[in-house]
Amino acid sequence: MLTSKTNVLSAIALFLVLTLPCSAQFGGGRGGGGATALTGSISGEIVDDVSGESLPYATVVLLTESGRETNGDVTDERGRFKLQNIKLGTYSIVLSYIGYGSDTITGIELTKKDPDYKLDATRLSSDQVRLGTVEVVEERSLIENQLDKIVYNADQDATNNNGDATDVLRKVPMVGVDLQGNVSIRGSQNIQVLVNGKPSSMFSDNPADAMKMIPSEQIKKVEVMTSPSAKYDSEGSGGIINIITKQSRVKGFSGNVDLSAGSRQNSANINMNLAQGRFGFNASGFAFYSVPVNADNTFKRTDFLPGEDRVMTQDGVTRTSRLGFNGRLGAYYDFNAFNSINTSFRLGGFTFDQDGVTTLLLENPMLDNISFDRINEQNRLTNNYDWTTDYTKKFEKEGQELTAALQINGNQSNLQSDLDQVAIIPGSPAFTERTDNDGDNIEYTAQLDYTHPFSEKLKLETGVKGIFRDITSDFDYSQLNDEGKYVLDEVRSNEFRYDQDVMAAYASFNIKLGENVGIVAGTRYEKTAIQGDFLEGEPISVNDYTNLLPSITVSKKFENFSTLKASYNQRIQRPSLFFLNPFVNDIDRFNVTTGNPELDPELSTQYELNYTTFVKGTVINASVFYKRTQDIITPVQQLDGATAITRYENAATNNSVGFNVFTSVNLWKKFDLRGSINMFTFDAEGNIGGQQLANSGLMYNGFISGSLKLPKDWRIDAFSFFNSRRITLQGEVPSFSFFQMGVVKDIFPEKRGTIGLRLVEPFFPVKTFASDLSSENFRQVSRFDLPFFSIGINFKYKFGKLNFQGEQRRSKIRNQDLKSGEDGGQGGGMGGQG
C-alpha cells in the first residue's frame, strides 16, 4: 500500500501549499470597514478563575446606566462573546455561569472615537471555591450540561476512589456499561473512546480490558458527544466518549500521589507537572492489581434433532486476575504567540489471566455419551504505546488556525492457552494442547486541519487525514505427543496479514443566522483501501470502498437560555482487528469462537432532536432519536454437528428509536441529586446461510446518584445503576445492576490531602447473570455467579504549588474510525477469544 500512502502524504503537502497563500490573503489584519457612527460592540472572554479553562455557554447580560436589560448572549465553545449593534453610551455587563458566582463590569463607554470595546479575560469563581492566601481549592458540580456535550466531573465524586474507568463511565448520562465492561451510548456499542482528545492503541485490541488500565483516581472528567460533525472521523455512529485525565498545566511545580487499597482492586499512581515561561512538562505513572476472583459457571445447550434432543451441560469454576501499568510523558513549547508545539509519549501494558476446571456431559441419543474434565490455563499479555506531536500556527485574525499532527500507535498482544482434557467416560476425547496467538498492530496517522473565519457569522473548518494500519496475527496450535513433546499442528496454524488505509478530507461550515440560530453543516469524504491474506492457504475476499458522509445540525436559542437542536448525519463503522482476526479459539471443542476477515463496514443514518433548559437551578436535557444501521456486525452462532461455532457476520439491518432524559438539581446548597434514563428499541432481521434471523424488543438503562456535604469537610456520595437485558439477533444477554457509596474527608494543613472509603454492593454480595440464545435448531442458556461485594480506602496527597493556570493541550488527531471489541475478550480480537 505504499502508493496510497505516498498519495495521501502528497495531498497533505499540496493542501499546505494551497492553504498558506489563502491564509496570507485572508489573515492580514482585523478586516476592512470600520464600525458605523451610531452603533458599537463589546467583546470578551470568560474563564475559570482556578484552572484558566474557558467557560462555554456562560451568560452575558448588557445593562444600561439605569439598570435595564438591553441585550444578551451566551459565550461560544471557547468562552468568547461579542455583543453587536449597540447604541453608543455607557453600559454595565453581568457575567454568570451555572455553578459559579457572577461578576459585574461597570463603566463601559462606547463613543464615536472608540465604538468597539474589548474586555480582558474575565475570571469567574465556582460557588464552592474558597480562595485563601496560601490555598486554592476547586470544587464543581458533578455534572455540567453544556450545549454540545455532557460533562461528568469525575474528580469531584468520592465514590470514584479505588475503581477504574468502567466504574466512572457507569455514572455518565447516556452511557451504559455491561458486566464485561463493554461501553455503549444510548444502547449502541458503535462508539469511539478518546483519551485527552486523541485515540489510543490501548483500545485497538480489547477496549473492555483496556478500561481496567485507567484508574478512576486519574480521571478528571468525561465528555459525551452524540452528534459529531464532519471534522470527526466518520466512525462511531453511537457517539464519542472523551476521557480527560488529570494533566492540568501549572505555573511552577506541582503534583499528587493517589493510593488505593481494597478487597477487589489496588492501585497507585503519581502525577507531576512543571511549567516555566513558555515551556511545560508533565509525567504520570500508575500500576494496578485486581485480586483474583472465582466465578461459578453453568451451561446447557439443547440441540433439536429428529426424534430426540441432544443435551450438553457444563459446570465449572473460573478464576481471573489482572495486573497492569501505564506511564506518560508530555511537553509543550510556545515559540511565540502564534506558533507552538506539543508532544507526548505513552507506554502501557496489562495481563489478564484465567484458569479453571469445567466438567462436560454430552448426552447424545445417536452415539455414546461423552464426559470429561477440561483443565484450562489462559494468559494474555498486551503492550501498547502512543506517540503524538502537534504543531499549531495561529494568525493575527482571531480564530484563524492551522494545525499539523503526526501520530504513531502500536499494540502487541500475546495469548497463550494450555489445555488438559481428561476423560471421565471411557472413550471420551482426551488430549493436552497448547495454543499461541501473537498479534501486532501498528498505525501511522498524518493530519492537517485549517480553520478560517470569514466573518463573525461564517467560519470554515477543513482538513485532510491519512491513517495507515498494518495488522498481523500469528497463531500456532501444538499437541503433546506420547514422547512428552509438543508437536505443531500445521493444518490449523497460520499467519494472517491485513492492511487498511483510510484517506479522508472534510469541510464544515459554522453559520450564524441572527443572534439565535446557528448551523453546522459539512461533508466528509473517506476512501478505504484494504489488503488481506494468509501466509498459507486461499486468499480472502476484501473490497475497497468509498463513502461521502454528510452531517448538519441546526440550533435555536429561546428565552431563559433554552436551546433546541436538530441534527442529521451518516456514519460508517469499520470492523477493527477484534472482529477480523481469524484465530479460532477452540479451547472448548463444542463451543468455538472466531473472527471474520471478510467483514464489510456498517452504514448508519441518524436523526436526533435535543432540548436543553434551565429552571431555577435545575438542568434538564432530553433528546429523541431514530437510527437505521445496515450490515450490523454481530456474533452469530450456528451448529456444526455437536459443535456450536460463533462467528462475526454482517447479519442484519437494525432500526432503533429511543429517548433519554437527564436532570440535575441542587437542594439546600448541600445536596446534589442527579438522574438519567435511556430507553431504546432493537428491531433487526437478516439472513445467514439461508437461515432467517430476527429479534426485537425494548432496552433501557439509567442511574440515580446523590452527594451530600457535611460539616467539617466531610462528604457522602451514593450511586445506583441499572442496565436491562441486551437483546441480540439470537437472544439476550444478562441485565446488570450496581450500587455503591463513598465518604471522603479533607485532611492535613491547607487541605493538601484527602482520605476516602468506598463500599460496593453491601446488600447483594454475589450476583447471578443469565443469558439465553436460540435459533431454529438449538437453545442455549448459561449462568454464572460472581462475587461483587468490596470495600476499599483511598488516600490522596497534593504537593507543590496549587495555583493551576494555563490551558489543556490536546492533540488534533482523533482516530474514531473502528468498531472496537466486545465481551471482554470473548470474540475475534487479536488477543484471541476467550
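Is Arg574 buried or exposed? Arg574 is buried, with a relative accessible area of 0%; buried denotes under 20% relative accessible area, exposed over 50%, and partly exposed the range in between, for a 1.4 Å probe and protein chains only. The model is predicted, so local features require pLDDT of at least 70 and side-chain atom pairs count only at pLDDT 80 or more, whereas totals for chains, interfaces and linings use all residues. Residues are numbered from 1 along each chain as its sequence is written, and side-chain values use heavy atoms, with hydrogens and water left out.

**Salt bridges**

- A search of the whole structure finds 24 salt bridges, each defined as a side-chain nitrogen of Lys or Arg within 4 Å of a carboxyl oxygen of Asp or Glu.
- Glu526 and Arg574 meet through their side chains in a salt bridge of 2.5 Å, N to O. This pair links distant parts of the chain, with Glu526 in strand β29 (residues 517–534) and Arg574 in strand β31, 48 residues apart; strands (E, at least two residues) and helices (H or I, at least four) are DSSP runs numbered from the N terminus.
- Glu526 counts as buried at 1% relative accessibility.
- Arg524 also forms a salt bridge with Glu526, the closest N and O atoms being 2.7 Å apart, and both Arg524 and Glu526 are buried.
- Between Glu433 and Arg589 there is a salt bridge whose closest N and O atoms are 3.0 Å apart. Glu433 belongs to strand β25 (residues 431–453) and Arg589 to the loop between β32 and β33, so the pair ties together parts 156 residues apart in sequence.
- With 2% relative accessibility, Glu433 counts as buried.
- Salt bridges that share partners join Glu433, Asp489, Arg492, Asp586 and Arg589 into one network.

**Aromatic contacts**

- The structure holds 21 aromatic pairs. Rings of Phe, Tyr and Trp (its six-membered ring) pair if their centres lie within 6.5 Å; planes under 30 degrees apart count as stacked, over 60 as edge-to-face and the rest as tilted.
- Tyr477 and Phe583 have ring centres 6.0 Å apart and planes at 15°, so this pair is stacked. Tyr477 lies in strand β26 (residues 458–480) and Phe583 in the loop between α4 (577–580) and β32 (584–585), 106 residues apart; Tyr477 and Phe583 are buried.
- For Tyr568 and Tyr607, the ring centres are 5.1 Å apart and the planes at 45°, so the pair is tilted. Tyr568 is in strand β31 (residues 563–575) and Tyr607 in strand β34 (residues 602–615), so parts 39 residues apart in sequence are tied together.
- Tyr568 counts as partly exposed at 22% relative accessibility, and Tyr607 counts as partly exposed at 45%.
- One aromatic cluster is formed by Phe736, Phe738, Phe769, Phe784 and Phe788.

**Charges over rings**

- The charged end of Arg322 sits over the ring of Phe352, 4.0 Å from its centre; the criterion is NZ of Lys or CZ of Arg within 6 Å of the ring centre and within 35 degrees of the ring normal.
- Likewise, the charged end of Lys556 sits over the ring of Phe558, 5.8 Å from its centre.

**Strand pairing around β36**

- Strand β33 (residues 591–594) runs parallel to strand β36 (residues 643–667) and is joined to β36 by four bridges; strands pair if DSSP finds at least two bridges between them.
- Strand β35 (residues 618–640) pairs with β36 in the antiparallel sense over 20 bridges. In their hairpin, with two residues between the strands, Gly641 takes a positive phi near 70°.
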